[in-house]
Amino acid sequence: MVLGLGTGSTAAFVVDKLGQLLSTGQLSNIVGIPTSKRTQEQAASLNIPLSTLDLHPHIDLAIDGADEVDPNLDLVKGRGGALLREKMVEAASSSFIVVADDSKLVSGLGGSGLAMPVEVVQFCWKYNLVRLEGLFKELGCEAKLRLAGDGSEKPYVTDNGNYIVDLYFKNPIKDGFAAGKEISAMEGVVEHGLFLGMATSVIVAGKTGVEFMTK
Ligand SMILES: O=C(CO)[C@H](O)[C@H](O)COP(=O)(O)O
């Protein structure tokens, strides 16, 4: 079985569990396709066999976390910075299961007030930041370059050598597909964090237990 291995604090639990199941012999014959360098390092440290999309262009199942989940199982992903590889791996997967807690549930994407990331090339990133903010002006969008988070003014650099512009919306996005299309059409945009029509099911943990959301 070819498994897409997600990125983030939730996906890390999944990777840990896979490592444990492999080491106790409860699982065998799997190969993992990691969605970030972080996940690659974690999986390698647990002796999970790894490969690439080049060698395994068809993935059976991907498991990952999400930042926002709407009632249609459309997602915002990439606050962990791995959106490009996540989207490539998850788009190549026959099934894509999201694991999240109920704080991630929103009625409309962009509605959490937290970031919706867009990966952009480093060249003239400010030009694209201004264009992205202008695109969603009527939603009260504020665009910010993501920083490395080490207290410096250095930008965060993705595994692919790009920057991230985080979009903060005052109002949720009405038409995710139209928004995604417009963002992707911008020269210099590499990928955006709207994962639409991709999740097969979502496992949501809440105070009262675990709920399965399917289409
Ligand atoms: O998209 C992601 C990384 O790019 C993560 O899946 C998302 O940010 C959720 O992370 P966490 O499980 O830590 O809340």
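Colleague: Taking two strands to pair if DSSP finds at least two bridges between them, what is the order of the open sheet of 3 strands?

Modeller: The order is 4-5-11, and the pairing is antiparallel. Before going further, this is a predicted model, in which local features need pLDDT of at least 70 and side-chain atom pairs count only at pLDDT 80 or more, while totals for chains, interfaces and linings use all residues. Residues are numbered from 1 along each chain as its sequence is written. The elements themselves are DSSP runs numbered from the N terminus, with helices (H or I) of at least four residues and strands (E) of at least two.

Colleague: Which strands of that sheet stand at the edges?

Modeller: Strand 4 (68-69) and strand 11 (194-195) do, and because each has a single partner strand, one side of each is left without a neighbour in the sheet. Strand 4 runs antiparallel to strand 5 (residues 75-76) and is joined to that strand by 2 bridges, with V76 in strand 5 as the bridge partner of E68.

Colleague: And what does L75 touch, leaving aside its neighbours within four places in sequence?

Modeller: With a contact meaning that the C-beta atoms of two residues, placed from the backbone, lie within 7 Å, L75 is in contact with A66, E68, V69, V98, F195 and A199. L75 also belongs to the largest nonpolar core, which has 43 residues, and is among those touching the most other members, together with V69, V98, V118, V165, L167 and A199. Such a core is a set of buried Ala, Val, Leu, Ile, Met, Phe, Trp, Tyr and Cys residues joined through C-beta atoms within 7 Å. A residue is buried if 20 or more other C-beta atoms lie within 10 Å of its own, exposed if 12 or fewer, and partly exposed in between, again with C-beta atoms placed from the backbone.

Colleague: Which element gives the largest share of this core?

Modeller: Strand 6 (residues 93-101) does, with 5 residues. The core draws at least three residues from each of domain 1 (2-105 + 196-206) and domain 2 (116-191), the bounds coming from an automatic or database domain assignment.

Colleague: How many residues are in contact between domain 1 and domain 2?

Modeller: There are 13 residues of domain 1 in contact with 13 residues of domain 2. On the domain 1 side, helix 3 (residues 83-91) contributes the most, with 4 residues. That side has 5 nonpolar, 3 polar and 5 charged residues, where Ala, Val, Leu, Ile, Met, Phe, Trp, Tyr, Cys and Pro count as nonpolar, Asp, Glu, Lys and Arg as charged, and the others, Gly among them, as polar. The centres of the two domains, taken over C-alpha atoms, are separated by 23 Å.

Colleague: Why is helix 3 largely enclosed by the rest of the structure?

Modeller: Of its 9 residues, 7 are buried, so helix 3 is largely enclosed. The buried ones are L83, L84, R85, E86, K87, V89 and E90. L84 counts as buried because it has 22 C-beta neighbours inside 10 Å. Not counting residues up to four places away in sequence, L84 touches E119, T158, N160, V190 and E191.

Methods
Pairing = 2+ DSSP bridges.
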